[in-house]
Amino acid sequence: MAELKAKTPYETVTGGASGPERMEVTPFVAVEVDPGALTSLAPYKGQAKALSTALEAAHGMGLPKPNRMTGKQSAQALWFGRDMALLIGPAPDASLAAHAAVTDQSDAWSVVELSGPGVDEVLARLVPVDLRGHVFKRGHTARTLVGHMSASVTRTGADSFRIMVFRSMVKTLFRELHHAMIGVSARREAAGAG
Amino acid sequence: MRIPGKGLIDETQVSFRFDGHAYEGRAGDTLASALLANDVRLMARSFKYHRPRGPLTAGSEEPNALVTVGEGARRDPNVRATVQEVYDGLVARSQNAFPSTSFDVMAVNDLLSPFLSAGFYYKTFMWPRAFWEKLYEPVIRRAAGLGALSGEPDPDQYEKAFAFCDLLVIGAGPTGLMAALTAARGGADVILCDEDNRMGGRLLAENEEIGGMPGHVWAEEVLDELRDMENVRLMTRTTVTGAYDQGTYGALERVRHHRPRGPLPKSCFWRIVAKRAVLAAGALERPVAFRNNDRPGVMTAGATRAYLNRWGVAAGKSVVVFGNTDDTHRTARDLIAAGVHVPVVVDNRHDAEPQGDYRVIAGGHVVNSSGRRGVEAVEVAHANGRRESFACESLAMSGGWNPSVHLACHMNGRPVWNDAIQAFVPKPGMIPGMTAAGAANGTFSTHGCLEDGQQAALDALSDLGRKAEADTLPPAGDAPYRIRPLWAVPGRGRAWLDFQNDVTVKDVKLAAQENFRSVEHMKRYTTQGMATDQGKNSNVAALAVLADATGRAIEETGTTTFRPPYTPVPIAAMGAGGGGIGFAPQRFTTSDAAARQSGAPMIEAGLWYRPSYFPKPGETTWRQSCDREVRMVRDAVGICDVSTLGKIDIQGPDAGAFLDFVYTNMFSTLKVGRTRYGLMLREDGHVMDDGTTARLGAHHYLMTTTTAAAGNVMKHLDFVSQALRPDLDVRFTSVTEQWAQFAVAGPKSRELLQGLLDAFTPEDWPFMACGDISVMGVKGRLFRISFSGEHAYEIAVPSRYGDSLYRELIARAETLGGGAYGMEALNVMRIEKGFITHAEIHGRTTAFDIGMERMVSDKKDCIGKTMSERPGLMDPMREQLVGLKPVGAVKQLTAGAHLYNAGEEPVRENDQGYITSNCYSPTLDTVLALGFLKNGRARHGEKIRMVDSLRGLDALCEVCDPVFLDPKGEKMRG
């Protein structure tokens, strides 16, 4: 019997099956990543602390404060708006449901890793938030805009960010990133050439 | 004329074209300096009288020398020649002249000038009224004007960007450099913006020493230090154009106006958010109004010195200097040192003495200029009235300096008059967080500027909680600014105030005489200050003349309002990235690629794209495809992507109570595994949205909304939860994007699913059932709901499988004689069933109007319930939802058409209702419509007249129940 084939958000909208989208404009790279399971955790009334404890016990990290991310590479908890965190990586432990509304969002978001030296400058074309390295450090996150799109932006390294937009908007995300990347890249080249 | 050995620019030659002629300039030249070096000073024609004009200034305030740069779709009109840098291959041409700047037939306007005074258009073209739009305005617009856009789409790239800093320093003259240096050394994050291509401000234009070295060398040393600091960002060619709330400043960066085409964006519009700002924008020199002061060759003295000292260009072989401050003598000294002949210096101050080897006429005025296409001589009046003429090629004039207060006034603050410098200066605190310093604050000596800049930075550092100490300032000139007011030289003839809009002293006096005495009225009556320079050169002089004419003091007369932007900003830069499809994000469903592959035209539904219909070979119109798709669903099975409907996951112990409060009907009583149709009201009692909500668990519901209202409903739920019912423990999350959902509709839907689902027993899925299923090994959800009136299901899987499942569904449907159907067929089928959409619940209808008042439960309260019971909202004479079928000769019914009683005149007073939706029903072989009719439910069977005044239709139709097909719902329940 045939089986249903999973596609990345970009593969889905292009009808292709060429693997995760990768767009490079020297020196920047934007690549679609599979972060594992995405689960929104919305603690019930007065349950934030208990949820944090359960999360710590099950996945090794507490509930993040606003604009912060907790956890390690394999399992992270991302602040995701008012009274909400996004568990990234593992399938949620059953114990969490006692304290929070637990909702599968694994297919709802398009996740893109953007990297390159001084990549803040690319995002400065699209994101109205101060993302400079000494202000927006590794593990800092914001629910904000990328162009006209509602997004989640997280710094994952000195020169890398994770950007999440609605799955259906992945094409627009890559288009916006491309526009910003070629602009910054051309400026670098012009400055280099004197 | 280039003076060998003068200037700060290098010798690299560049070739450019102006008005079809090839010229050589030097790298670092502006178009204006390069043309002057080539002895070209006629660069434009004036706006109204088409008078020949040359550059008046050397900066962005230039009113005269506007040119068009580039060709074809890339052309850029109204570029100031004083700002445009020359580069190899630059092509520019003059504007507002036909056939050429040197011979312009429209200059006939100048001869008509006695008739074209202030208010001329208002007085003359009043009558006949129709002539204004058809004749006068087009003719006037063609004759008066600036450069034009190409009319083609702009192919260039533009950018928008955000920047953040502790301190924004606006302007990189001595004040700005000192402020930036002090703040940067104090550890603050600094952005220093300057609109010039080279930082230094007036230090590049003057012979001025700082710390024992030429000012421009000092500037370069400071800039070298700033360039090496990580906490400093230098932005050249960047004009801060506006000051906005919360420390936000708009700025336009000219990224690629100074080089040939390439991958660079043309310009970038910045939004800079700064904790503190220093306005160090300097000052602008005022021209003096005297007869024929607009002749090419007449320019401000500051511009004369800038061309000489920075670009090594003399405005002429002999230059007369005219002014009212010591700058007059500085100009004469610089010119003489460069070997330029200065026939005379005219200083309106009676105690003026020569400061070098030149003749001074103290207490004198220049009263007229003469010459063809440029100044050849000026006439001077001595203090005793005696007249004397001097031959010259240029006149350098100065009426003093106006601090650049513009940005300080962008939040509606008014500057204050300072009598000592005869100018307006900013008041402290006009823009929260911004301090004006240096010349922008009325401090005109170099030493004073350095001191001011340092102090402003120290204050900012202290505000930012940083400790800093004042370094010793380098010694610099500190001469006092001695000024005697000089606005307009009395006399006959036309003396220009606003060069760009051709407004003269006489015009302003006429405005006052005709009782346009307020400065705002004068501005609008004369158009003074309304051109692209926004009165930078003329505002203060014009209101000084107005003050004089109305017998008031200048401070009493006041200024007009300063608004952003400081210099013109192309819309293309503000809207960068927003052209074409960049206008809004595009949302694509998981079946989008498959739908496009089968040739479906897509239509927009909010940000989503949905297939309109799926044409088959031989079908030439949308109706053929649509009719086939309807029959296909009614007879076999059809597949439609319904993922765009909003899906909201609702969980919590109080989820049921919460839904009872937002929906008119009960949801707490819904059984797990069942789905119910719900109606939602706004607080004002009108219908907000509808949809089905499924109960997935004891504390777990899944709400669906219409595609259009998904965002609004989510926002509404958030509001209700936070503001109205914070007592309820409930949480919601949008899962619209998580699930790909497809309608499988038609008598063969059951058969299709039987082959597809892992273990499917149709008997376990009665109408309105819902629950988990497994589709080819993937966990999904199934809902037995129908929007077509057929036996139907909606099947949902995680979106990553959407494309795959959709293709599988289509393949299976096709083996059963079915296939895909689009929005057109979906709409036809819901009209046949009388199901409403936002065409009916358009914001002005109530549950009563759509025949659903019984859905407003009387067992509980809900949002909008009380308000929906207001008198009048249940009035039988309200327009109620009805069905309509044509019964006369005209078989067409149209949405938007109005209804009238047969025999009554179709006018507003007789209006009985209107049509909201219409279609051709292939099932019933007739046109159908839904609409609203006064007391409609009681009028089934009645004949009514439809009139569509827009499309010229007049049809007779019969009123009926809005459910045309299977009124008992046997097909969808069965």
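Trainee: What joins strand E18 to strand E19 in chain B?
Mentor: Three bridges do. Strand E18 covers residues 319-323 of chain B, strand E19 covers residues 345-347 of chain B, and the two run parallel. Keep in mind that this is a predicted model.

Trainee: Which residue of E19(B) stands opposite B:Val321?
Mentor: B:Val345.

Trainee: And what is the strand order of the open sheet in chain B?
Mentor: E17-E24-E18-E19-E20. That is five strands with parallel pairing.

Trainee: Which strands stand at the edges?
Mentor: Strand E17 (298-300) and strand E20 (360-362) of chain B. Each has a single partner strand, so one side of each has no neighbour in the sheet.

Trainee: How many degrees are neighbouring strands turned against each other?
Mentor: 20° on average, direction ignored.

Trainee: Which helix packs on the sheet and touches E17?
Mentor: Helix H7 of chain B, residues 301-311. H7 also touches E18 and strand E24 (394-397) of chain B. Its direction makes about 90° with that of E17(B).

Trainee: Where does helix H8 of chain B lie?
Mentor: Across E18, E19 and E24 of chain B. H8 spans residues 327-337 and runs at about 165° to E18(B).

Trainee: New topic. How many residues of chain B are in contact with chain A?
Mentor: 45 residues of chain B, against 43 residues of chain A.

Trainee: Which element gives the largest share of chain B's side?
Mentor: E8(B), with six residues. Other elements giving two or more include helix H15 (592-597) and helix H20 (802-815) of chain B.

Trainee: How do the residues on that side of chain B divide?
Mentor: Into 20 nonpolar, 14 polar and 11 charged.

Notes. Residues numbered from 1 in each chain as written. Chains lettered and ligands numbered in written order. Predicted model: local features only at pLDDT ≥ 70, side-chain atom pairs only at ≥ 80, totals over all residues. Contact = placed C-beta atoms within 7 Å. Helix = DSSP H or I, 4+ residues; strand = E, 2+ residues; numbered from the N terminus. Nonpolar A, V, L, I, M, F, W, Y, C, P; charged D, E, K, R; others polar. Pairing = 2+ DSSP bridges. Axes fitted to C-alpha atoms, helices over the stretch in contact; angles between N-to-C directions.
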